[in-house]
Amino acid sequence: MAQSIAAHPDRLLPAEPGVREIARSLYNLVAGLPIISPHGHVDAGVIENNLPFPDPAALLVTPDHYVTRLIHAGGVPMEELGLGDSPAGSRQVWHNFCAAWPAFEGTASGYWIRQEFEHVFGLHEEPTAENADRIYDAISARLAEPGFRPRQLFKEFNIEVLATTDDPLDALDSHAALAQDPAFAGRVLPTFRPDKYLDIAHPAWLDNVERLIAAGSSGSGYAGYISALEARRRHFVANGAVSADHGVRSPATLKLDQSDAERLFDRARAGKATPEDREAFEAHMMYQMARMSVEDGLVMTIHPGSYRNHHGPTFEAFGADTGHDIPFAVNYTEAIRPLLQDFGTAKDFHLVLFTLDETVFSRELAPLAGFYPSVYIGAPWWFLDAPDAMLRFRSAVTETAGFSRSSGFIDDTRAFCSIPARHDTSRRIESAFLARLVAEHRISEERAHELIVDIVDSSPRRVFKL
C-alpha cells in the first residue's frame with residue numbers, strides 16, 4: 001500500500017531537494033522536544049479526571065468550529081452536526097463529516113485531522129461516505145482502550161506545559177489537584193480570562209460584576225471591583241498562572257481619571273451606559289489590566305479583531321463558538337499607545353500582541369516589538385494558524401523584529417488530540433523558513449541550528465516566564 005501523505009517524513013518541508021535537506025536537519029533537532037503550550041482551551045478537569053474521551057463525533061467534530069463551519073458552508077444544517085438540541089446521533093454527525101471530507105482539502109483543519117488519524121489513531125485511509133462506519137468503529141475502539149486516556153496521552157504527546165483558559169471566579173480545584181498529584185509529572189497552568197467582567201456589552205456583565213465584588217474582601221462600587229480583580233489575579237498566581245488573556249473586539253486602551261472611571265462604572269451598573277461608554281470603559285480596563293500585570297507579573301496577552309457571533313440566528317439557536325466569528329481589520333499603533341506610554345518599558349512586563357489581520361504583522365506589530373522591550377509578537381492565531389499563513393507571518397515580521405521578539409508557537413485549541421499535530425506543523429514550517437535563509441546564504445547553518453531550538457523551546461519559556 002502506498003504511504004499516506006500524513007506519514008510522509010518530508011511533509012510541509014520545501015520541495016527543492018537541497019533546501020529540503022537543510023530543513024530536514026533543522027526539523028530533526030526539534031522534532032522530539034517537549035511541547036510547551038502556553039495558551040489553549042483544554043479543560044483542566046479533563047486531565048484531572050482522566051475519563052475516557054467521548055465518541056468520535058463528540059471528540060473530533062461537534063466541538064471544533066473549524067470543522068463544523070466548513071461542513072455547514074456546504075449546506076449541512078447545524079442541527080445535523082450535534083449542535084444545540086440536535087436530533088442527530090453521533091454516528092449520523094460522523095457520516096456528515098466523512099461525506100464532507102473533500103471540502104477540507106488544502107485547509108489547515110484537513111491537515112491536522114489527517115495527522116490525528118495517522119499518528120494518534122493509527123488510521124491510514126481517507127474518510128468517505130462509504131467507510132464512515134468502519135472509521136467510526138475503529139476510533140471508538142481506540143477510545144475504549146485503557147491507555148487512551150487524557151493523562152496517558154499527555155505523556156505520550158510529550159507535553160511539558162499546558163495552559164488552560166479560566167474564569168476569574170474559578171476555584172481552580174482541578175489545577176490544584178494536578179499540581180499536588182505525585183503521579184502526574186506535567187504542568188497544567190490556569191490563565192486569567194476576565195473578558196465577561198470587563199465588557200459592559202456582555203449580557204451577563206452586571207451579574208458577573210456583582211458576583212465578583214461579593215467574592216472580594218474589601219470595598220464596593222468601582223474600588224471594590226478593581227480590588228476584587230486584583231485579588232482574583234493573586235489567586236491565579238498562587239495556583240501557577242503565568243498569564244492573563246484578553247479576547248477583546250479592539251486593542252484600544254485608555255487611561256481615565258479615577259472619578260471618570262467611577263462614573264462610567266456606575267452608569268453601566270444602572271443600565272445607562274451608551275455604546276461610547278462601553279468602548280471607553282473596556283479600553284480603560286485594558287489599561288488597568290496592564291497596570292496589574294506590571295504589579296503581579298502575569299504576562300498580558302491580547303487577542304482582538306474578531307466579530308463574534310456574526311450570524312444572529314445561529315447565535316440565538318446554538319450559542320457562541322459555533323463557527324461564525326469573522327475577522328476584521330484592527331489598528332494597533334494608535335490603540336495600544338496609551339498603555340505603552342506608561343508600561344511599554346516597565347521592568348519585566350511582557351505584552352504579547354496577536355492579530356487576525358495579516359497586514360498588521362509587518363506594518364505595526366513588528367515595529368512595535370522592535371522598539372518596546374515589553375512587546376512580543378503573538379504567533380499566527382485562529383484563521384492564520386495554517387502552514388502558508390505561518391510562512392507569511394515569519395517572512396513579515398523577521399526582517400524588522402528578528403526571531404527573538406515572537407512568542408513561540410501557540411496552539412490555542414480545545415481539541416486535545418490535535419495538539420501534537422499543531423506543534424509539529426509549526427516546527428516543520430519554522431524549519432522550512434530557516435532552511436531558505438541558509439540556502440540563500442543569509443544566515444549560516446550553524447546559526448539556524450541555534451535559532452530553531454530557540455524558536456521552538458526557548459522563546460515560549462522566555463516570553464511566558466516559564
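Lys465 is partly exposed in this predicted model, because its relative accessible area is 34%, between the 20% cut-off for buried and the 50% cut-off for exposed. You will find Lys465 in the segment after H21. Its backbone deserves a look too: Lys465 has a positive phi of about 55 degrees, although it is not a glycine. For background, most residues other than glycine have a negative phi.

Towards the other end of the numbering there is Leu12. Leu12 also is not a glycine, and its phi is positive, about 70 degrees. It sits in the segment before helix H1, which covers 17-30. Leu12 has a relative accessible area of 25%, so it counts as partly exposed.

Now to the helices. In general, two packed helices are described by the angle between their axes and the distance between the axes.

Take H1 with H20. Their axes come within 8 Å and cross at roughly 135 degrees. Sorted by type, the residues of the contact of H1 with H20 are 11 nonpolar, 1 polar and 4 charged.

H20 also packs with H21. Here the angle is about 155 degrees, and the axes are 10 Å apart. H20 and H21 are therefore roughly antiparallel. H20 passes H21 in a right-handed crossing. From H20, Arg427, Glu430, Ser431, Leu434 and Val438 take part, and they meet Glu445, Ala448, Leu451, Ile452, Ile455 and Val456 of H21. That contact divides into 7 nonpolar, 1 polar and 3 charged residues.

A polar atom of the Ser444 side chain lies 3.0 Å from the backbone nitrogen of Arg447. As for a distance across the model, the C-alpha atoms of Ser444 and Pro327 are separated by 38 Å, and these two residues are 117 apart along the chain.

Terms used: Residues are numbered from 1 along each chain as its sequence is written. This is a predicted model: local features need pLDDT of at least 70, side-chain atom pairs count only at pLDDT 80 or more; totals for chains, interfaces and linings use all residues. Side-chain values use heavy atoms; hydrogens and water are left out. A polar contact is a pair of N or O atoms within 3.5 Å; within protein, one must be able to donate a hydrogen and the other to accept it, and residues adjacent in sequence count only if both atoms are side-chain atoms. Axes are lines fitted to C-alpha atoms, for helices over the stretch in contact, and angles run from 0 to 180 degrees between N-to-C directions. Helices (H or I, at least four residues) and strands (E, at least two) are DSSP runs, numbered from the N terminus. Angles under 35 degrees count as roughly parallel, over 145 as roughly antiparallel, 65 to 115 as roughly perpendicular and the rest as oblique. A crossing is left-handed if the near helix is turned anticlockwise from the far one by less than a right angle, and right-handed if clockwise. Contact means heavy atoms within 4.5 Å. Ala, Val, Leu, Ile, Met, Phe, Trp, Tyr, Cys and Pro count as nonpolar, Asp, Glu, Lys and Arg as charged, and the others, Gly among them, as polar. Buried means under 20% relative accessible area, exposed over 50%, partly exposed in between (1.4 Å probe, protein chains only).
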